[in-house]
Amino acid sequence: EYPSLAVSPLLSGITQVAVNFTMWSDSTGLAETWVANDSADAVAAAVDKFITGTGAVALHIQGFSGLGKTRSVLEALRGKPCEPLVAYVHAADALPPSLVYRLQQQRRHAVLVVDECDARTHEILTQQIPAGSKVRLITIGTPSGYRPKAEVHKIGLIDDQAMREVLRLNEPALPLGAARVVADAAAGNAKLTLILANDLFPPPASAAANLTTPEIIKSYVTRSLPTGSGLLACAALALFSSVGFDSDAAHELQAVGAGLGFSVLELRAAAEDLNRDGLLSQLGRFRAVTPHPLAIYLAARGWEQFSGQIAVNLLPSLDDSMTARLLQRATDMGESGPVRQVITRLLGPGGLFEDAVTSSDDRSGILMYLAVLAPQAIASRLAATLAALTDKERKAMASERPEVTWTLEKLAWHSATFRQAADGLLSLAVAAHE
């Protein structure tokens, strides 16, 4: 059978939501000169194995923003026999629910690449593709804590030598000393490398040579982003891994503004400032501050400024999805005094998370984040909850709430919570096999 192209106007293709390989390759966000590197080579190997030999129908590429995930997948497919079959969708949120089904019904041969797709959405899409299908799915996204059953390839940092070659080819006027400073400060993040290179030149590299990475990012933010309330509005947006902006997701922007004291116009103006400097990704109806190190810096500023309002006004007004995205960004920040104080307060009597991990709590999407932010409190609650269950209830939890097992596995890595987590995992394993 002739391999029908997935994206073709002559074949009544899907060009309203997807583009072919050539259009994807020509997009403005992929204009930098490509530099091969070990991380990209690993992606290429994973993609090649998936396309030619595994028999799997889906592959998920995962990594923080700015590491070159999308470009690595593009280059992995360039020049391969499957290149004419590629259909690229810029965000999972822009993917019509019926698209995969339509490709199946029309008997298309396709390599469907869906960008800005989290692991949970990847799993949902994968379930729509039967074994033996002519459709292959590659999704690209940032870590969310969810662990799909399908194969996941985690992209690594770019090595220093490749980073300096990126600068040599894309910023040839940058002095060698400045290039070393930028490459060290960006710590393997390609997008941050190019952003900082543009910011440090033409000032002499010596001005930044003795600064740490956070200090260099702070210097960039001070010079490039608005000051005062404008900067705080940028920080408010960075508090979330993504925020709804358009159509029926626009209420999320209103919720952020109402919780932190900004108007929607102020938040949209901040988004424009970020977008102007290439610091905002469009994810269909949603937006995300990027690259990851800069988003973390701004989020930390947001927690320092708004921790009281986050606890009292913002979090109580959020739905489960927005709560999970706020807590996800908080876990990405690492140790933070303001975050720890707020989470401890909300886990206490009368707090928003007072019932977290109890049998009456059904907010499975936030459990793993709370375990990272307050490991001892969550370990103790899980131990008490499991001890109070009957064997039948424990068996049901083992089969119906995988997030509990994932959380216990995460807690088992902490010396302070290892025993409680190990006991919990053992009790669930025993119950599951009875």
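The following dialogue discusses how to read several features of a predicted model.

Me: On what basis are the values given?
Reply: This is a predicted model in which local features need pLDDT of at least 70 and side-chain atom pairs count only at pLDDT 80 or more, while totals for chains, interfaces and linings use all residues. Residues are numbered from 1 along each chain as its sequence is written, and side-chain values use heavy atoms, with hydrogens and water left out.

Me: Which residues touch the most other members of the largest nonpolar core?
Reply: In soluble globular proteins, nonpolar side chains tend to be buried together. A nonpolar core is a set of buried Ala, Val, Leu, Ile, Met, Phe, Trp, Tyr and Cys residues joined through side-chain atoms within 4.5 Å; buried means under 20% relative accessible area, with a 1.4 Å probe and protein chains only. Here the largest core has 92 residues, and Leu298 and Phe353 touch the most other members. Helix α13 (residues 292-317) contributes the most, with 12 residues; helices are DSSP runs of H or I of at least four residues, and strands are E runs of at least two, numbered from the N terminus.

Me: Is Arg394 buried or exposed?
Reply: Arg394 counts as buried because its relative accessibility is 13%. This residue belongs to helix α18 (residues 391-400). Its side chain makes a polar contact with that of Asp391 at 3.0 Å; such a contact is a pair of N or O atoms within 3.5 Å, where, within protein, one must be able to donate a hydrogen and the other to accept it, and residues adjacent in sequence count only if both atoms are side-chain atoms. Beyond four places in sequence, Arg394 is in contact (heavy atoms within 4.5 Å) with residues including Leu386, Ser427 and Ala431.

Me: What is the strand order of the open sheet of 3 strands?
Reply: Two strands pair if DSSP finds at least two bridges between them. The order is β6-β8-β7, with antiparallel pairing. The edge strands β6 (243-244) and β7 (280-283) each pair on one side only. Between β6 and β8 (residues 286-289) there are 2 bridges, and Val243 has Arg287 as its bridge partner in β8.

Me: Which residues of helix α7 are buried?
Reply: An α-helix has 3.6 residues a turn, so residues three or four places apart point the same way. In α7 (residues 176-186), the buried residues are Ala178, Ala179, Val181, Val182, Ala183, Ala185 and Ala186. Ala187 follows α7 and has a positive phi, near 50 degrees.

Note on methods
Buried means under 20% relative accessible area, exposed over 50%, partly exposed in between (1.4 Å probe, protein chains only).
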